Amino acid sequence: MKLSAQKSTLLNMKADAVAVFITEEKKTFQQQVDQLKKILRSQIEQMIEIENFKGKDGQLFFIYTEKKFTASRFLLLGLGEAKDLSLEKFRRAAALAAKKSKTLKVQHLAFQLPDIPNGFVNSTEDVAHAIAEGSILSLYKFDKYHTEKKDGEDKITAISIFDTNEANLQKVRRGLHTAGIVSQAVSLARDLENAPGNEIYPETLAGAAKISAKKFGYKATVWNKKKIEEEGFGGLLGVNSGSVRPPAFIILEYKNNDSAPIVLVGKGITFDTGGISIKPATNMAEMKMDMSGAAAVIGTMEAAARLKLPVHVIGLIPTTENMPSGSAIKPGDIITHYGGKTSEVDNTDAEGRLILADALAYASRYKPAAVIDLATLTGACVVALGHHATGMMGNDDELAAQLKAAGEKTYERVWQLPLYDEYEKQIKSDIADVKNVGGKWAGAITAGWFLKKFIGDYKWVHLDIAGTAILEEDLPYTPKGGSGVGVRLLVEFLKNRKIPA
Ligand code: BES
Ligand code: ZN
Ligand code: ZN
């Protein structure tokens, strides 16, 4: 996708379609309509009335004009009332414009830089970023396995934002640059998630990380099974024992200053059958996306490196399939994790926490400034929060607040669940240090508590993305399937990291 900032008026803008953001307020609405009327020299007012377009949030009005003095297709995008404006409204309106433009066979879609109302908390750069991000991400499609390509399928190849003020355009350029990189990183994460389990398994997931690292100048180290055995990652080996494909442990590093690193840990179960505690057949195919945490970590590392963020980040990805077989772990088995703690496996389907335990214990060796893990960890989290919020748990209020703020800004929202001491007894084991399931109630929290048993002396946040990573229905700029959640959230979090003196 070609992204550009262009100096132009609405009248002169050359593009296949021009989109104009319009707020609902009577006065500004009328001003904007008057302006369009002059330019288009058409009965736009009547047309708008017939269509009942009032600039309401989510409204789209399409005008086709034969006159060639300007772009021939105009899209009016309603934003709702100015006082309720948010970056998310820009993302959604831009997504709507992009999807409509695709059906109109538009190749170059241009957005008029909207007026930013007084009191709006976000910058012009942020607005440009949101517009580009919403349009690019809404066009994402996982179609590499369709052998019959629809003939001459039309693609939007260029998106631009125009304005007449050069100072504004500088800001737009910065926003577009960031948005382009972040959107590609989200698309990479989505591709990894949506790829079937016979394409993405530990070896190929590691391969994808290596390719990204090499291309964008960060480090990737991959441990093989022998090294994983030598290091004593009992959780990863235990979960892997039913699979014919070997496990891997992927270590990524992007270092652009000497500060203590932020360590990102991603669950990399490339397919979760449940193991011996096998899952029902319905919807099991979704479990190819049980590596969404890993995908988010790879996407974030790639974006951080390309944006040259002034941070030090380590990515840790334990990865394996979870399969049933004669060699698989069984309920009742006991595992010794990295660092020596033991866990009793009561249910082999609670495998994510077993592999994360090793990685979280291992993270201590980096003396991290903070550790954030992302995992499609529990169905219970989906029951609690559905698909619109990631479950957050942790041990540090300030770190949690930073993620919360990044979540509000990017709309990858997180919602905190408590890790009260009282929940701990649900995962007590009679025969090991901890048991891997905590009974019927508060399943997302008892999973969080299990992880808490393995963290070191560091600030930590756990993000349960089971509901937000795997979508059963389309969202405004996210088609169903793998959402790439976590990338935008973490890039925003990293951008705001104060560099310690
Ligand atoms: N990968 C699943 C969690 C999951 C469920 C993710 C639905 C996305 C959508 C995880 O490994 C799992 O199976 N968890 C069990 C834990 C239970 C056995 C304690 C669950 O949630 O049922
Ligand atoms: Zn499972
Ligand atoms: Zn799982």
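1. Strands here are DSSP runs of type E with at least two residues, helices are runs of type H or I with at least four, and both are numbered from the N terminus; two strands are said to pair if DSSP finds at least two bridges between them.

2. The model is a predicted one, in which local features need pLDDT of at least 70 and side-chain atom pairs count only at pLDDT 80 or more, while totals for chains, interfaces and linings use all residues. Residues are numbered from 1 along each chain as its sequence is written, chains are lettered from A and ligands numbered from 1 in the order in which they are written, and side-chain values use heavy atoms, with hydrogens and water left out.

3. Strand E18 also pairs with strand E15 (residues 390-394), in this case antiparallel and through four bridges, with His462 as the bridge partner of Met393.

4. Leu463 touches Ile372, Asp373, Leu374, Ala375, Thr390, Gly391, Met392, Val414 and Leu489, leaving aside residues up to four places away in sequence, where contact means heavy atoms within 4.5 Å. Leu463 is also among the residues with the most contacts inside the largest nonpolar core, which has 62 residues, the others being Leu205, Leu252, Ile372 and Leu403. Such a core is a set of buried Ala, Val, Leu, Ile, Met, Phe, Trp, Tyr and Cys residues joined through side-chain atoms within 4.5 Å.

5. A separate open sheet has three strands in the order E12-E13-E17, with mixed pairing. Its edge strands, each pairing on one side only, are E12 (334-336) and E17 (434-435). Strand E13 (residues 342-344) pairs with E17 in the parallel sense over two bridges, and Glu344 stands opposite Lys435 in E17.

6. The largest pocket has a volume of about 940 Å³, and of the 33 residues that line it, Tyr140, Gln184, Ser187, Leu188 and Asp191 are the closest to its centre. A pocket is, on a 1 Å grid over the protein atoms alone, an open set of points where a 1.4 Å probe fits, with protein on both sides within 12 Å along at least five of seven lines, and lining residues have an atom within 4 Å of a point; grid points are joined across faces, edges and corners, and the volume is the space filled by probe spheres set on the points. Helix H5 gives the most to this lining, with eight residues.

7. The second largest pocket holds about 720 Å³ of space, and of its 32 lining residues the closest to its centre are Lys279, Leu377, Thr378, Gly379 and Ala380. The largest share of this lining, three residues, comes from H11.

How values were computed: Buried means under 20% relative accessible area, exposed over 50%, partly exposed in between (1.4 Å probe, protein chains only).
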